[in-house]
8 protein chains.
Amino acid sequence: GFGKVDYAREKRTGYPEVIFGLGKTPDQVLAIFARLYEKHGRVMVTRAERETAERVQGDFPEAEYDPMSKLLTIGRTERRFAGTVAVLSAGTADLPVSEEAARTAEWMGNPVERIYDVGVAGIDRLLAHRERLQEASVVIVVAGMEGALASVVGGLVRRPVIAVPTSVGYGAHFAGLTPLLGMLTSCASGVTVVNIDNGFGAGYAASIIQQAILEG
Amino acid sequence: GFGKVDYAREKRTGYPEVIFGLGKTPDQVLAIFARLYEKHGRVMVTRAERETAERVQGDFPEAEYDPMSKLLTIGRTERRFAGTVAVLSAGTADLPVSEEAARTAEWMGNPVERIYDVGVAGIDRLLAHRERLQEASVVIVVAGMEGALASVVGGLVRRPVIAVPTSVGYGAHFAGLTPLLGMLTSCASGVTVVNIDNGFGAGYAASIIQQAILEG
Amino acid sequence: GFGKVDYAREKRTGYPEVIFGLGKTPDQVLAIFARLYEKHGRVMVTRAERETAERVQGDFPEAEYDPMSKLLTIGRTERRFAGTVAVLSAGTADLPVSEEAARTAEWMGNPVERIYDVGVAGIDRLLAHRERLQEASVVIVVAGMEGALASVVGGLVRRPVIAVPTSVGYGAHFAGLTPLLGMLTSCASGVTVVNIDNGFGAGYAASIIQQAILEG
Amino acid sequence: GFGKVDYAREKRTGYPEVIFGLGKTPDQVLAIFARLYEKHGRVMVTRAERETAERVQGDFPEAEYDPMSKLLTIGRTERRFAGTVAVLSAGTADLPVSEEAARTAEWMGNPVERIYDVGVAGIDRLLAHRERLQEASVVIVVAGMEGALASVVGGLVRRPVIAVPTSVGYGAHFAGLTPLLGMLTSCASGVTVVNIDNGFGAGYAASIIQQAILEG
Amino acid sequence: GFGKVDYAREKRTGYPEVIFGLGKTPDQVLAIFARLYEKHGRVMVTRAERETAERVQGDFPEAEYDPMSKLLTIGRTERRFAGTVAVLSAGTADLPVSEEAARTAEWMGNPVERIYDVGVAGIDRLLAHRERLQEASVVIVVAGMEGALASVVGGLVRRPVIAVPTSVGYGAHFAGLTPLLGMLTSCASGVTVVNIDNGFGAGYAASIIQQAILEG
Amino acid sequence: GFGKVDYAREKRTGYPEVIFGLGKTPDQVLAIFARLYEKHGRVMVTRAERETAERVQGDFPEAEYDPMSKLLTIGRTERRFAGTVAVLSAGTADLPVSEEAARTAEWMGNPVERIYDVGVAGIDRLLAHRERLQEASVVIVVAGMEGALASVVGGLVRRPVIAVPTSVGYGAHFAGLTPLLGMLTSCASGVTVVNIDNGFGAGYAASIIQQAILEG
Amino acid sequence: GFGKVDYAREKRTGYPEVIFGLGKTPDQVLAIFARLYEKHGRVMVTRAERETAERVQGDFPEAEYDPMSKLLTIGRTERRFAGTVAVLSAGTADLPVSEEAARTAEWMGNPVERIYDVGVAGIDRLLAHRERLQEASVVIVVAGMEGALASVVGGLVRRPVIAVPTSVGYGAHFAGLTPLLGMLTSCASGVTVVNIDNGFGAGYAASIIQQAILEG
Amino acid sequence: GFGKVDYAREKRTGYPEVIFGLGKTPDQVLAIFARLYEKHGRVMVTRAERETAERVQGDFPEAEYDPMSKLLTIGRTERRFAGTVAVLSAGTADLPVSEEAARTAEWMGNPVERIYDVGVAGIDRLLAHRERLQEASVVIVVAGMEGALASVVGGLVRRPVIAVPTSVGYGAHFAGLTPLLGMLTSCASGVTVVNIDNGFGAGYAASIIQQAILEG
Ligand SMILES: Nc1ncnc2c1ncn2[C@@H]1O[C@H](COP(=O)(O)O)[C@@H](O)[C@H]1O
Ligand SMILES: Nc1ncnc2c1ncn2[C@@H]1O[C@H](COP(=O)(O)O)[C@@H](O)[C@H]1O
Ligand SMILES: Nc1ncnc2c1ncn2[C@@H]1O[C@H](COP(=O)(O)O)[C@@H](O)[C@H]1O
Ligand SMILES: Nc1ncnc2c1ncn2[C@@H]1O[C@H](COP(=O)(O)O)[C@@H](O)[C@H]1O
Ligand SMILES: [Mg+2]
Ligand SMILES: [Mg+2]
Ligand SMILES: [Mg+2]
Ligand SMILES: [Mg+2]
Ligand SMILES: [Mg+2]
Ligand SMILES: [Mg+2]
Ligand SMILES: [Mg+2]
Ligand SMILES: [Mg+2]
């Protein structure tokens, strides 16, 4: 019918296909979910609305739904990475995206360290966490407004920094365009960037790096 | 002829009209320069090309030209403000705009403190100047790339912070649009912003604040 | 948990942290509100929805909520500045933003003079207030549509002018982008600009200038 | 060959086709020029570079070239309108576009009144010309920067106001986009707008209005 | 209180102030309406929602409301122009804006000729009205999609053409930006443009031209 | 009244006018529908909401409505093309647009081959259909996100490829702008593009090509 | 080395790879040219500068260079399509792009009919060619400014219309963005669009359609 | 003077500061170069013009300059990573950026595998390298036009993919904005992105990942 599940993705990339919940009906999500579950024994849906979650939980009662991050999951990899993924956020309103990143990373096998609400307007808050930051294997920086946190963090660590701009802001913020552009033109070298509000993508990229570390 | 000099501006605003050199022929600049000089005994031209400067210096040998900031001046106010204006820059390439701000402020009567090349990728460089920063009456922050410096500084001081985005950058920087938007959506409260590369406007705004401080 | 209150901000900047209400749940706002109140004895929340206000007023009955400006406040600084902050608006629809600016300034210790509905399509209305304008210590100009008011005012006074573009308009107005760009490229020298609809930021910046005047 | 001259345009619209010089080789311009001259006895080329002008003047020595407005003309209508077209400009750098408007209007039969350098940063300069303004049949406002002049003028007169944004400015001005948007969202009713730097279009539109007045 | 009615506008421009309904509460509109009615005996409100209309009609039962154009009016000028204003529209969905233009023009004293649904995809429909078009004193062209109708009409008539882009379209139409830009860069000379969906502005500009024709 | 049906369109282009449902009231759609049905015996409405469909089905019970594609149709051409139109989609969320393309093509006489959910993140899924692809007469590629599918397909076939960007995506996707731009700058030669979400336009263009093939 | 020629493209698509000259050094073009010539016996380079052309002609004296279209070619397919490709242009300045389209089509085996300078400001010029237009197998419309020609033509023919926006224009034209958007949102059904100034792409797409007609 | 070298960067991040050559005078670059060389014994300058290179080589004859990538280097780390960095490019014109990435990676201690000119219009070229791709530790994808290569590669490997959009393209490409947006909205999970033409940033990010792999 409507969907061709990419069963071979796990073999190619190390992780099964993840269902992108946006724009799919609950029935469509359920159908793909069932097929992925049969094949892999674990499934994640991103951007799942409550209605979708309930439709899936009707058939899969053990599926878990987190309304803040809108992640719907069942099962989990058995692999467990040694190093941690640090997830930093600039403000409280960045929580949903931060949690999408953190929980994606956890689902994919990462110990996660959350360091939230350390935006640069009070720089000492961030500097107080300098050491915890430097111990992480990968750092994810989630920030809305002007996104300056990514640049400051990028200059403090010797590990990969993945920046996630968020749509938190208004006016000249243009729903996340401003921190996106700011992170892309960061004065800190080597910061890489994912799409606005794409906590999932950041968590996934961190896990791929961890996979590289693990597999050498 | 082509120009109506706004002689009353000094009376209304405290400062005589400044000549915007862009898009004017050397002859046009000279003509306006002469009339302003006659009236006020001091003149400043911004964005003056060397050719214009030389044309003016032909008639006004005491006029001074600074090729980095492209400011051409003659005379200077006798008023001298008590407090300093601090001009910070993120990188070396921001020098022309920083100097436009600093020299405009000086010409308008401000002692100026330059703190250059303290971009946030090496945050400790900035923090080393925390005290000098806090002593200034007004702070101007000049930054290209993502412009994050304005947000960090905005959270450190109890004085007005004027942010100047610069066109230093490439790609998703869009000739200064990115730091402009970033500064406007800064997570630090009360930062105000001027146009891209408008060092002059920042120096002018700082002087107007100093005038308010002086005149109470 | 989710938030790290920046208790040291008052010491650094002269004013305690203000809560940005957008994107926070009523419970999150309440939690931060309580902590800030405990520390400082006064709190301001911007962009507070009625639901949030009621949640907070449940615990803090003396908190005041203004539905037009969406400000929720408790307490107030004891400091009182000598000079006034003039808040001008171009049209009636700019009222919510104008009031956000005016009430922020009042909460931070400023006497405020409101001069509303003096858009430039009937320039004599503005000119009738020329003297009141010239007596203010700081001038805030709030305007939607094309934002021309800021330029006219900028040329009339010897005090700092802070321009606030609003999202009032339609079509080629792009939700405030047009007056924002217009204010940034104003032909009046030294006008500084804050984000679209950021009445709070303007009120805050005005107060910082007043603090500079007061503290010299 | 390459061009189909629209000989019938004069009959349909009252004015012969005008040659748009941009992107045409001197030889192409000359060929079209010759055909139009033969048919109408008068021709105008806009945006003509000096090289093109000289190529045409080689064959048509009586053709006149104005390097500031880049208009190249020969002949002129015999019709002479009773009322004047006022052309206002905000600053000296708007001269080339202002002259393109003024000379187009003159070529099409209008007496023209030039009121230049009356930008709103010194509003009294404009108000000093209030009466001359009110006597014009049509008003053209040429302005770069934020283009605020159009709104102020639009509220002062009972005649059509045609606004021409110019590319004079920098940074957030985006080569004229800012005054264009500002003029389109003007708070003055009934201002109409032409393309950035399109002095020709404004002069033409003014002449079409004059034609309507004349022909009733 | 909140609004300063511009009573002198009629004297300056020939028409009283019109109330812009967007972003005003019904009570605010009513208050301004009452004051304008007292002064001028006729009032128009644009972009009035039904709720506002009913609030006003409560106090002014003779006020008329047209839900398609969202115009709320009372009274009308006694002046009656001789020539007609033709209002053309490209498609059926452009009706609300077309009617805003047509009814504004009628309210201001113009006989109006409506020629609707003559978009260029079936060019013969337009050409069938060539003569009626050529008889109008002023032509208003209302079009969404790509807005091509303005260019075709601009080349057919010897009278002023005012183009109104509409927000009718989707995707790369960007809520009217596309026809706006298209009309501004029209290959027909002398077309002038108003803001997206600004039928009011077009009707007003047409009336100002008619006033110029009438008053010579 | 409000609409001028373009009855001659079938004669000029081979297909009767199609009703664009967006922005029309149910009554307007019904009125045009009735006139077109009388003339051509078959009608299609695009972007029809359920309410409109029901209003039309009240008078025309044999009209069929597909809620996914929002197409409302009655009758159908008798002509049947020999070759097939292949409709490819990148993801499940592109279904509504894909179905709009597919059903438009069917209604216009094309056999349609649907190849859905073959996005490039699992390129082998697409390559598995290489032969079916190469047998089609025309290929329509429907894709949101970055729209890369169009480029890959464009390099695989010797038949026209029509690309349809969709609004499926978020953040830097800008409601379809990103795949639109990507398809326009495709590295595969000769791919042509229609508007965002314009499945109808793609189905129509495919049918016009089929008509050219049939009529030689 | 630096380039992997796609030798199999002719087999897959019917046409060999074409060299995109932009951003390649003359030596790089020559190297790829030689390899393609050896394989296919015919080569086309687009956007070839004169220097590149001369470098290639040094080794391949029979290569032909057209400076207007910047096409450099050698050899030609033996296949000759029956129907013609009509290439329309709106203005004289669109010639380079029109010729790129026309000559690409000729090189790929199409008889080409050029109908130039028929922009819609003088619609009768276009209508005079209505019959020639209707006889073509494929129609390419090349237009700058607002690009309205595509919509008018799209409603006149029963054959595929490929629209090419050009960068001819200024100001709100944004180097071709305006006609691009206009063509994408055309009110004529089934017009498809290629990139700004991409005459090559249009000629190629036309040839692919001709190939479909020929091969059935 | 003008620059504060960030000597501590190597300690914090593992790599010394790199000089950004854009917007610095040759003398400024030389001065910073000398200080960094003294401290670290190795230096890299990006975007160095030939004049700058020669100025530096005057004092440091052993400095090497690569005109294609515009990298100027002296010395090199002794550390050598085990795994390779694969650098893919879509077309020949992407070479300068690809080489900036490749040479930065080499300078930072990575074995580099170049796989150039494998754009998706001939997908088999890429698939022929599938195995080499899968053996790399980190993959950098450099692509202009629509940037589709990143998505295809992202779905093929189990290692981090860093995408670099380039300014190679024209028209709707907007100097790299199009592939930038496309890469950010890629349908392949976990692709991260750097600024347009920022080959340096990609090489640096790859090295930081390698450092993480090496240091565990
Ligand atoms: N939140 C997300 N943002 C971006 N891509 C996602 C997201 N969730 C899932 N994906 C990717 O989207 C693709 C699935 O698309 P679909 O076939 O429409 O479900 C997979 O390749 C996922 O890795
Ligand atoms: N629909 C409209 N679009 C643009 N301007 C309008 C509109 N309706 C009224 N106006 C103008 O808006 C101004 C009134 O603004 P306000 O004081 O906010 O009512 C007057 O100058 C009117 O001429
Ligand atoms: N002017 C052009 N515009 C767009 N694509 C082109 C152009 N000329 C050649 N191409 C395509 O660009 C690709 C060659 O790219 P390259 O490997 O960089 O030479 C081929 O697929 C051509 O079909
Ligand atoms: N090509 C480049 N693109 C982006 N950032 C760079 C580039 N080259 C050097 N940098 C960074 O720019 C900063 C130096 O800026 P500056 O102080 O102006 O020399 C350092 O943090 C470098 O890591
Ligand atoms: Mg916080
Ligand atoms: Mg530096
Ligand atoms: Mg008002
Ligand atoms: Mg002046
Ligand atoms: Mg219709
Ligand atoms: Mg899928
Ligand atoms: Mg012509
Ligand atoms: Mg190639």
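Predicted model: local features only at pLDDT ≥ 70, side-chain atom pairs only at ≥ 80, totals over all residues.
Residues are numbered from 1 along each chain as its sequence is written, and chains are lettered from A and ligands numbered from 1 in the order in which they are written.

**Ligand 4**

Ligand 4 is placed between chains A, B and H. A residue is near the ligand if one of its heavy atoms lies within 4 Å of it. Around ligand 4 there are 14 residues, of which A:Ser189, B:Tyr170, H:Arg9, H:Lys24 and H:Thr46 come nearest. By class, the shell holds five nonpolar, four polar and five charged residues. Here Ala, Val, Leu, Ile, Met, Phe, Trp, Tyr, Cys and Pro count as nonpolar, Asp, Glu, Lys and Arg as charged, and the others, Gly among them, as polar.

The table lists polar contacts of the ligand, that is, pairs of N or O atoms within 3.5 Å.

| Residue and its atom | Atom of ligand 4 | Distance |
|---|---|---|
| A:Cys187, backbone N or O | oxygen | 3.2 Å |
| H:Arg9, side-chain N or O | oxygen | 2.4 Å |
| H:Asn198, polar side-chain atom | nitrogen | 3.5 Å |

On its own, ligand 4 has 510 Å² of accessible area, and the protein covers 91% of this. Such areas come from the Shrake-Rupley method with a 1.4 Å probe.

**Chain A and chain H**

In this interface, 37 residues of chain A are in contact with 37 residues of chain H, where contact means heavy atoms within 4.5 Å. The two chains bury about 3,000 Å² between them, and 56% of it is on carbon and sulfur atoms. Buried area is the accessible area (1.4 Å probe) that two parts lose on being put together, summed over both. Of the area that chain A buries against chain H, A:Arg12, A:Arg158 and A:Leu184 supply 22%, more than any other three residues.

Four salt bridges are counted between chain A and chain H; the term requires a side-chain nitrogen of Lys or Arg within 4 Å of a carboxyl oxygen of Asp or Glu. A:Glu215 and H:Arg159 form a salt bridge through their side chains, with an N to O distance of 2.8 Å. The side of chain A that touches chain H receives its largest share, 10 residues, from H9(A). By class, this side of chain A has 16 nonpolar, 13 polar and eight charged residues.

Notes: Heavy atoms only, no water. Polar contact = N/O pair within 3.5 Å; in protein donor to acceptor, adjacent residues only side chain to side chain. Helix = DSSP H or I, 4+ residues; strand = E, 2+ residues; numbered from the N terminus.
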